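Hi,

Here is the structure for you to look at. My notes on it follow below.

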Amino acid sequence: MGAEEYRSSLREFRTRLWDEIALNVATNHSIDREEFLTYVTDQLIEAEEIDDFSYVPYEGFGKRNRRIQIDGYSYSELDECLNIFIATPMTYDEDETLIATDANRYLAMAAAFLDNAEYVVENAEESAPGYGFAVDVLGLYSDVRKYKIFLISDKVKSKSLTQLDNIFARGREVECHVWDIGRIYELTTSSMGREEIVIRFSDFGIKGLPCLLASETSDYKAYLCNIPGIVLATLYNRYGGRLLEGNVRSFLQVRGKVNKGIRYTILNEPEMFFAYNNGIAATAYDIKIDVIDGMSYITEISSLQIVNGGQTTASLATALVKDKKDHSEENIQKIFIPMKLSIVLPEKADKLIGNIARFANSQNKVSDADLWSNHPYHIRMEDFSRRIIAPATNGRQYGTYWYYERANGQYAQETYKSTPKEKKRFAEHHPKNQKITKTEFAKYMHIYQLRPDIASAGGQKAFVKFADAVSAEWEKDNTVFNEEYYKNAIAIALLFRESDKIVRKQAWYRSYKANIIAYALSKIIFTVQQQYPDSTVNLKTIWQKQVLSTAWVKQIEDAAYVMYQYLIREDRGVENVTEWAKRETCWKGAKALSYELLPEFVAELQSLAIAKNEARDAKKSQRLSDQLNALVEVVNYGSENWAFLLEWNISHRVMAPSEIHQIQLAKNMDGGLISSEKKCQKVLKILEKCRVEGFPR
């Protein structure tokens with residue numbers, strides 16, 4: 001893209017963004033600053049730059065009349081990093097730029113909040129959102145490894161803004177990131193939905209990584225390398241969890257990241273690290289190789305992702321920072337780690353990286369339980385979302401689709417190379433406000449399953465717990481996840497998103513919106529189960545109408561206020577309301593609250609017996625669909641391939657005699673049919689078993 005074309009595209013993007021923000025402000029009765037932050041942080045969450053975001057606007061003065069301002073925060077447990085967000089006022093002016101003086105002033109105001117946390121606790125109103133966060137800066141987040149400040153702006157960064165002031169807070173240097181409209185545009189339009197990491201090893205004072213080409217196909221190249229421990233630790237401390245493949249990151253975040261054995265070797269036997277450690281496996285989209293003194297060196301890597309060896313990497317990084325008194329840096333300088341680096345094409349990255357990670361971690365607990373993007377559950381939800389049309393609303397003469405984004409950046413990729421006309425048509429039938437990510441889907445289902453505390457816990461933690469439950473259920477009976485399940489899930493998504501608009505409009509609303517909504521909806525559903533055991537909420541009607549009834553709106557208004565009052569009660573178990581909402585104890589207390597549903601809402605409940613009958617019918621339909629799909633798959637695989645499998649088994653002896661008989665049935669199909677759909681499913685399971693054992697087709 002040429003410079004003029006880029007500027008034109010950026011202007012068009014900013015104009016669309018301003019229009020979208022103005023519409024959201026009018027719809028949600030909010031302010032443009034909040035809507036802008038919501039848009040940008042949603043993009044950062046999808047790009048895995050941050051785990052979640054809490055909107056906590058606070059302005060004031062600290063000690064010595066120092067100006068304080070923040071707009072929100074995010075905490076990464078994996079990276080032990082506290083991220084602070086501050087936004088410049090919206091300009092709506094294409095010609096106004098963000099200059100260094102202003103950028104440094106805003107960054108200093110955000111850092112001042114950290115420095116003045118004690119002052120805020122002593123002087124702010126307890127009901128102020130910033131008060132609870134200041135309490136946590138002093139307590140919950142007092143021992144973080146790193147502070148980052150994100151400055152968000154709809155201005156274009158000026159050419160003079162090349163160097164930021166060195167900023168310190170609470171005795172340590174702060175890492176600052178400026179996200180101007182240009183950087184936001186590039187992230188939003190990225191084909192992979194994330195900002196690319198480019199690593200140049202000359203920046204670390206080394207030639208590169210000595211490497212040897214080990215394998216090559218049309219889709220894939222593999223190199224054996226040797227990476228210095230100090231480089232790997234520094235990279236992790238710089239980029240954090242972004243270096244880890246998504247499921248590896250989830251695994252470490254939930255199950256602990258520092259391995260005591262690895263730490264012991266770092267501090268006591270660094271020269272034996274290479275012998276004791278299995279090394280790491282990684283992927284990348286591209287590399288640069290230079291031949292220096294007759295040896296090949298990887299001098300640059302684009303989009304590095306560690307798919308195995310996350311604990312090794314995190315343990316090195318943590319030791320480098322936290323064990324300096326034990327000469328950790330000196331020891332890590334002696335360490336070298338073997339690395340298998342796979343180069344994959346970006347367009348095939350989703351499947352290949354997932355499979356590489358899956359099989360590389362086959363001896364660990366990072367497995368199907370972590371619900372990979374290509375797990376059958378995700379594929380089924382994606383399939384439903386592409387072919388099930390939601391009923392038309394708002395006078396439209398056509399229905400639209402809810403878009404389930406199975407892989408990060410998938411929605412943007414749909415029209416990445418499309419014409420403006422094609423993009424417009426896609427947006428009409430797949431509205432952006434009907435896109436749902438995997439983590440959002442998990443949050444909505446936690447609420448429906450009466451765990452608002454887990455839904456409040458943040459994207460990755462909530463997702464992994466959801467994944468564990470779904471994986472176990474899938475193994476028992478995957479027909480539970482049928483078309484009705486999908487439509488009900490969309491109804492819950494619609495409930496949550498409409499509740500967002502409802503809560504914003506309330507005169508009492510100040511903050512903690514996501515927590516209020518999660519608790520209000522779960523409390524409503526829980527109360528129905530307790531007080532009206534023969535009834536259930538009518539999700540079918542919500543799907544059919546794609547809007548909430550007046551009774552639902554009033555019930556949400558009522559429950560939201562009750563839950564707000566409960567969450568901010570002075571006798572709550574944790575000072576910070578956002579953190580309190582994540583505790584199971586908080587939800588137990590909310591369930592115990594006496595609460596009555598509105599009569600008009602009760603009148604709209606559905607008979608539980610009817611709902612159960614519909615659920616049984618949906619399971620039967622899914623079972624039939626699975627059987628028919630299995631039949632088609634067996635037929636399409638072809639007699640020639642089934643015959644080849646039988647020949648392969650003669651030398652490999654993987655199949656039992658009864659399984660050989662099943663494959664012979666598949667090979668000898670008459671008229672393209674075999675005796676039953678159930679046998680087809682058995683045949684496909686045998687095929688998968690053989691593929692795991694090395695069958696090449």
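Helix α27 gives the most to the positive patch, with four residues. At least two of its residues come from each of α27 (608–637) and α30 (677–692).

This is a predicted model: local features need pLDDT of at least 70, side-chain atom pairs count only at pLDDT 80 or more, and totals for chains, interfaces and linings use all residues. Residues are numbered from 1 along each chain as its sequence is written, and side-chain values use heavy atoms, with hydrogens and water left out.

Helices (H or I, at least four residues) and strands (E, at least two) are DSSP runs, numbered from the N terminus.

K612 lies in α27. It is partly exposed, at 47% relative accessible area. The classes are buried under 20%, exposed over 50% and partly exposed in between (1.4 Å probe, protein chains only).

Two arginines deserve a line on backbone angles. R64 has a positive phi, near 55 degrees, and is not a glycine. Its loop runs between β1 (54–61) and β2 (67–76). R64 is exposed, at 80%.

R170 also is not a glycine, yet has a positive phi of about 50 degrees. R170 is in the loop between β7 (167–169) and β8 (172–179). With 28% relative accessibility, R170 counts as partly exposed.

Best wishes
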